[in-house]
Amino acid sequence: MAKKKILIINGPNLNLLGKREPSIYGNQNFEDYFKTLKRKFPKFNLKYFQSNHEGDILDMLHKVGFSYDGIVLNGGAFTHSSIAIADAIAAITTPVIEVHISNVYAREAFRHHSYFSKYCAGIMVGMGLKGYELAIRFWDLKKPTVAF
Ligand code: DQA
């Protein structure tokens with residue numbers, strides 16, 4: 001059987017993981033963590049994409065959102081501002097899990113609202129980088145609890 005295809009999308013400033021506010025986001029860069037993820041999930045075909053540009057994230061959602069089995073999306077600050085990305089998540093058929101490394105609810109009020117959550121299959125918040133791994137496990141469930 002073909003491996004399930006899952007794309008991780010990281011939005012703005014997440015290319016700086018490891019250097020950026022380590023007390024909030026930790027010391028590891030995502031490229032290294034992605035290697036760990038690939039080792040941990042040999043049964044999945046995992047891909048990774050990062051962009052600081054809203055339009056590029058939209059284009060990628062359109063490109064994979066009708067053929068991939070899953071998308072793990074950390075939209076960074078676009079989570080709190082982008083109706084366009086929310087509309088794209090609603091438009092595509094691939095289920096999206098929203099991830100935030102930090103506990104956004106323990107931070108500034110402007111981080112408490114996500115335009116994306118309503119259209120996502122699930123949300124993983126405040127688990128550090130581990131949240132990506134926990135999100136990927138959603139596609140390991142024999143019978144996901146939500147119907148798509
Ligand atoms: C973030 C939380 C967002 O509020 C912030 O803008 C980010 C990262 C997180 O992973 O905790 O860039 O999505």
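**Reading charge and burial in a predicted model**

Lys-38 is placed in helix α2, which spans residues 30-40. The model discussed here is predicted.

Q: How many helices and strands does the chain contain, and in which pattern do they follow one another?

A: Secondary structure is read along the sequence. Here the chain has five helices and five strands, arranged in the order β-α-α-β-α-β-α-β-β-α.

Q: What does the radius of gyration say about the overall form of the chain?

A: The value is compared with that of a compact globule. For 148 residues such a globule would have a radius of gyration near 15 Å, and the chain has 14 Å, which agrees. Along the principal axes, the C-alpha atoms occupy a box of roughly 45 × 35 × 30 Å. Of the 148 residues, 47% are buried.

Q: Is Ser-23 buried or exposed?

A: A residue is called exposed when its relative accessible area is over 50%. Ser-23, at 75%, is therefore exposed. This residue belongs to helix α1, residues 22-25.

Q: Which residues form the patch of positive charge on the surface?

A: The patch gathers Lys-3, Lys-5, Lys-38 and Lys-47. Among them, Lys-38 has a relative accessible area of 42% and is thus partly exposed.

Q: What does the salt bridge between Lys-40 and Glu-133 tie together?

A: The two side chains meet at 2.8 Å, N to O. Lys-40 lies in helix α2 and Glu-133 in helix α5 (residues 130-136), so the pair ties together parts that are 93 residues apart in sequence. Lys-40 is partly exposed at 41% relative accessibility, whereas Glu-133 is buried at 5%.

Q: Which parts of the chain does the pair Asp-140 and Lys-43 link?

A: In this salt bridge the closest N and O atoms are 2.5 Å apart. The pair links distant parts: Asp-140 is in the segment after α5 and Lys-43 in the loop between α2 and β2, 97 residues apart. Asp-140 is partly exposed, at 30%. Elsewhere, salt bridges with shared partners join Lys-40, Lys-130, Glu-133 and Arg-137 into one network.

Methods
Residues are numbered from 1 along each chain as its sequence is written. This is a predicted model: local features need pLDDT of at least 70, side-chain atom pairs count only at pLDDT 80 or more; totals for chains, interfaces and linings use all residues. Side-chain values use heavy atoms; hydrogens and water are left out. Patches are made of residues with over 30% relative accessible area and no salt bridge: like charges are joined within 9 Å, nonpolar side chains (Val, Leu, Ile, Met, Phe, Trp, Tyr) within 5 Å. Accessible areas come from the Shrake-Rupley method with a 1.4 Å probe; for residues, only the protein chains shown count as cover. A salt bridge is a side-chain nitrogen of Lys or Arg within 4 Å of a carboxyl oxygen of Asp or Glu. Lys and Arg count as positive and Asp and Glu as negative; His and the chain ends are not counted. The place of a charge is taken as NZ of Lys, CZ of Arg, CG of Asp or CD of Glu. Helices (H or I, at least four residues) and strands (E, at least two) are DSSP runs, numbered from the N terminus. Buried means under 20% relative accessible area, exposed over 50%, partly exposed in between (1.4 Å probe, protein chains only). The radius of gyration is taken over C-alpha atoms; the globule rule is 2.2 Å times the number of residues to the power 0.38.
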